[in-house]
Amino acid sequence: MNKIQITIIVILLAALLAFPQFITSESVLNLAVYVLLYVSIASSWNVLGGFAGQTNLGHAAFFGVGALVTRMLWFAGWNIFASMVIGALVAVVLALIIGVPAFRLRGVYFAIGTLALSQILLITVGNTFSTISSIPTEDLKVYSLVPRYYMFLGVALLTIVTAYVLLNSRFGLGITAVREEEDAAESLGVSALKYKMLAFGISAFFGGLTGGAFAFYHVGYYPQLTFGPEWTFDSMMMAYIGGVGTIVGPVIGAVFFVVLREFLALRFAEFHLIIFGVLFILVVLFLPDGFMGIWEKIRKRLLRRSK
Amino acid sequence: MLEAFAQNLVYGVLIGALYGLAAVGLSLVFGVTKFLNVAHGEFLMVGGYASFWLFTLWQVDPFVSLPAAIVSLLVLGAVFYQALFSRMVKLTEGVKIQNTLLIGFGVSLILQNLALKLWTADTRSITTAYSGQVFNFLGIRFPLVRVASLLIALVLVIALQLFLRRTYTGKALRATVENWEAATLMGIDIHRVYLLSFVMGAALAGVAGALVGVGYSIEPGMGMSWTLKSLVVMVLGGLGSITGTFVGGIILGLTESATGFIALMAGGGLTYKEVVGLVLFLLVLVFRPEGLFGSKEG
């Protein structure tokens, strides 16, 4: 990172930390919470889907498990941080259990297998926990949005920093090699399964942690909600539109997604999904690097001109 | 008790025929082109709505309007193929599957939300004068429209099988499945073969959708469940076998209804029958990836 980048990051960080001190509007804070939630979930999907190139169509399973376990422990009187970590770890265990058989099958079977898994959980959780899960009234009296905002900010930063450190480490080299040419990587002594499992575990951990933050934030919802396929699909689209396999891509994708949704929701509900679907197809067909790809092109052109 | 169980199994076979029909379409496309069209369930949904509106607006009998459902899906399939999927023809197999999966997903999102906008989230079904008719045999009830749907599905699958075995074009399709490069060298126009199998797959989804609209019900969000069921059946039946896939559909229908019955007897939720197919699917993927009826080379 150069000086300019570090300055930008420091300013951005200061702004994010100070944000709730200046903004008191609840709707703006809620919006900020959702931006951070989508940043975290899209970035966590990206660790496996982008870095490792394994399309996970069942990320909602990990988000949902994280939320479910956190909510149960927290309501049982546990500390919220401990509950969230346990929730995330349960998500990791789930990933490791299905990872071994799923990675034996390449490509598309992994995608469909994970989708099947998340649908199984969606239906089973819907049957088992059929009543609404609400924060108890006495806790609700002291409920405040500000700590929720900081919780999501913490989870988002942790996810991004971990992804950054991972990508710039030995792990990053190994997983990129596996994504680009699995057989060649294997022949050089890189264990594809080990790297994929690692990526899957980390992805599930942060997906679960985001779910835990959601459990801390949301006042009342049906547990089934957090297992819905839209969590996966939104994450995937945000990562692709922003720039899949990059650190900044999912962040930009998430901000864009929430802003577009807010902007369109006033006039046409759910219309943002049609626009997002079209954009997604265009990105897959013509712009495999998403918004980040456009940015790279502009930057290169500017650099050339300034020389 | 036994009678109720038998009745359940009959219902299982009847819905299973539609699973089979939908899956045969998906399997045909995947076998020939290696395109994994996850918008297959949305194609089915569109077929259902085409039939529903023809009946509601102009009182066209849903069985008479089947050709219209076929034609609308042929057109829809051709449009999506030309605009999007045709760009994937020359890619290597892994990239092709991955990219078509992503594009199909985008298409399904668009179709589903458009349907939601245009036709609302209401559940609809086509209720004709004869919809409630049943005939009894050995104390078991056979709903007329569902039995007719099963027969239509059967006829279509046999016709498709004959087309692939007996006609020149069908042989070109099968040659492309075996080895598309060799097929191209033998003078087969691969683009035409791909287009044909893609629109035929879409048309089969359209028919299945129309039949679902008559015997059961349709709604904009039904696509994903049908895509998943078709995928499950495709893997169960083993890739590349039309008959195997159709039988796989009936097996899924039977398994679902048996599970539903047992869950009901045990006091559980009826929705568990939706889970059993997916669990079966994961088990087959892990232990027998070539499918129940597929050969190892499949």
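Setting aside residues up to four places away in sequence, B:Leu21 touches B:Ala153, B:Leu156, B:Val157, B:Leu204, B:Val207 and B:Ala208. Please keep in mind that this is a predicted model.

As background, nonpolar side chains in soluble globular proteins tend to be buried together.

**The two chains**

Chain B is built from eleven helices and two strands. Following the sequence, its elements come in the order α-α-α-α-β-β-α-α-α-α-α-α-α. Its radius of gyration is 19 Å, close to the 19 Å that the globule rule gives for 298 residues, so chain B is as compact as a globular protein of that length.

Chain A has 14 helices and two strands. Here too the radius of gyration is 19 Å, close to the 19 Å from the globule rule for 307 residues, so chain A is as compact as a globular protein of that length.

Some values for each chain are set out below.

| Chain | Buried residues | Span of the C-alpha trace along principal axes |
|---|---|---|
| Chain A | 46% of 307 residues | about 60 × 50 × 35 Å |
| Chain B | 53% of 298 residues | about 60 × 50 × 35 Å |

Contacts also reach along the sequence. In chain A, 79% of the contacts between residues at least 6 apart join residues at least 24 apart. For chain B, residues 24 or more positions apart account for 77% of the contacts with a separation of 6 or more.

**Where the chains meet**

How many residues of chain A are in contact with chain B? There are 28 of them, facing 31 residues of chain B. On the chain A side, the elements giving two or more residues are α5 (108–128) and α13 (271–286). The most comes from α5(A), with 14 residues. Sorted by class, this side of chain A has 19 nonpolar, eight polar and one charged residues.

Finally, look at α1(A), which is hardly covered: the count of buried residues among its 20 residues is zero. Within α1(A), a kink of about 30° lies at A:Leu16, shortly before the proline A:Pro20.

Key: Residues are numbered from 1 along each chain as its sequence is written. Chains are lettered from A and ligands numbered from 1 in the order in which they are written. This is a predicted model: local features need pLDDT of at least 70, side-chain atom pairs count only at pLDDT 80 or more; totals for chains, interfaces and linings use all residues. The bend at a residue is the angle between axes fitted to the seven residues ending there and the seven starting there. Helices (H or I, at least four residues) and strands (E, at least two) are DSSP runs, numbered from the N terminus. A residue is buried if 20 or more other C-beta atoms lie within 10 Å of its own, exposed if 12 or fewer, and partly exposed in between; C-beta atoms are placed from the backbone. Two residues are in contact if their C-beta atoms, placed from the backbone, lie within 7 Å. Ala, Val, Leu, Ile, Met, Phe, Trp, Tyr, Cys and Pro count as nonpolar, Asp, Glu, Lys and Arg as charged, and the others, Gly among them, as polar. The radius of gyration is taken over C-alpha atoms; the globule rule is 2.2 Å times the number of residues to the power 0.38.
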